[in-house]
Amino acid sequence: MSTHAKRERLLLADLLESAGPHAPTLCEGWLTRDLAAHLVVRERRPDAAGGLLLNVLKDRLDKAMAEYAAKPYEELLQLIRTGPPKLSVYSLKQVDEAANAVEFYVHAEDVRRAQPDWTPRQPDPVFSDALWFRLEKLARLTGRRSPVGLVLRRPDGRTVVAHKGTPVVTVTGEPGELVLFCFGRQASASVELDGDEQAVARLTAARLGI
């Protein structure tokens, strides 16, 4: 596993452990046990994980999720920490970094920010740049359902267009916060929004993400 993905994996597992199996998350309808089961199914049950994107596999995904959620919580955490099986595509370093660094960062914040006593995290500059690099590649995908034009801007002025259209809303924030915004956590992301009031309201209520 590569550096960012491995670090975020272990951080997420630690947060899940500290929160316990019955804590809330930012994922609607999911407690920490459900989130842990999702992470394991995603890496270890490719036959079911496709249900995250394909409705035809939704029943298989739900069944696999239920089976893993019924396992001891400590077992789920150990499966997360040890990572995917050797034959999994996620065991490839390039795939691990591309698919998991952002995934684990977002879900770590799902756990952290759902707790009443959560404190902000300041990703280091190298990781912030890595998140921005991934966001540049994913921006149009995550912003495809935006009801308005969507521009993402870092505090240093670097920008990426996530969705073309008018009116335009510009969302400014650190890369980690922009990632959260684009992955459907608009209400929990620390960002500034600049644009028409009605356009901002439509954007914050939109279903963004993959």
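Visitor: How many residues of domain 1 are in contact with residues of domain 2?
Guide: This is a predicted model. In it, 15 residues of domain 1 are in contact with 13 residues of domain 2. Contact requires heavy atoms within 4.5 Å.

Visitor: Where do domain 1 and domain 2 lie in the protein chain?
Guide: Domain 1 covers 4-113 and domain 2 covers 127-205. Their centres, taken over C-alpha atoms, are separated by 25 Å.

Visitor: What elements make up the secondary structure of the protein chain?
Guide: There are 9 helices and 4 strands. Read from the N terminus, their order is α-α-α-α-α-α-α-β-β-β-α-β-α.

Visitor: What share of the residues in the protein chain is buried?
Guide: Buried residues make up 48% of the 210. The protein chain exposes about 10800 Å², of which carbon and sulfur atoms supply 54%.

Visitor: What share of the contacts with a separation of 6 or more comes from residues 24 or more positions apart?
Guide: Such residues account for 59% of those contacts in the protein chain.

Visitor: Why is Leu150 called buried?
Guide: A residue is buried when its relative accessible area is under 20%. Leu150 has a relative accessible area of 0%, and therefore counts as buried. This residue is found in strand E1.

Visitor: Which residues does Leu150 touch, not counting those up to four places away in sequence?
Guide: Leu150 touches Val160, Val161, Ala162, His163, Val169, Val171 and Leu203. As for Val161, it is 11 residues from Leu150 in sequence and 6.2 Å from it in space, C-alpha to C-alpha.

Visitor: Why is Pro123 called partly exposed?
Guide: The partly exposed class lies between buried, under 20%, and exposed, over 50%. Pro123 has 21% relative accessibility, so it counts as partly exposed. Its place is in the loop between H6 and H7.

Visitor: With which residues is Pro123 in contact, leaving aside its neighbours within four places in sequence?
Guide: Pro123 is in contact with Tyr105 and Ser128. Pro123 and Pro175 are 52 residues apart in sequence, and their C-alpha atoms are 9.1 Å apart in space.

Visitor: What is omega for the cis peptide bond that joins Thr166 and Pro167?
Guide: For this bond, omega is about -5°. Pro167 is placed in the loop between strand E2 (159-163) and strand E3 (168-172).

Visitor: How far apart are the mean positions of the positive and negative charges of the protein chain?
Guide: The mean positions of the 29 positive and 28 negative charges are 6 Å apart.

Terms used
Residues numbered from 1 in each chain as written. Predicted model: local features only at pLDDT ≥ 70, side-chain atom pairs only at ≥ 80, totals over all residues. Heavy atoms only, no water. Helix = DSSP H or I, 4+ residues; strand = E, 2+ residues; numbered from the N terminus. Buried < 20%, exposed > 50% of the residue type's maximum accessible area, 1.4 Å probe, protein only. Areas by Shrake-Rupley, 256 points an atom, 1.4 Å probe, with all protein chains shown as cover. Lys, Arg positive; Asp, Glu negative; His and termini not counted. Charge placed at Lys NZ, Arg CZ, Asp CG, Glu CD. Domains from an automatic or database assignment.
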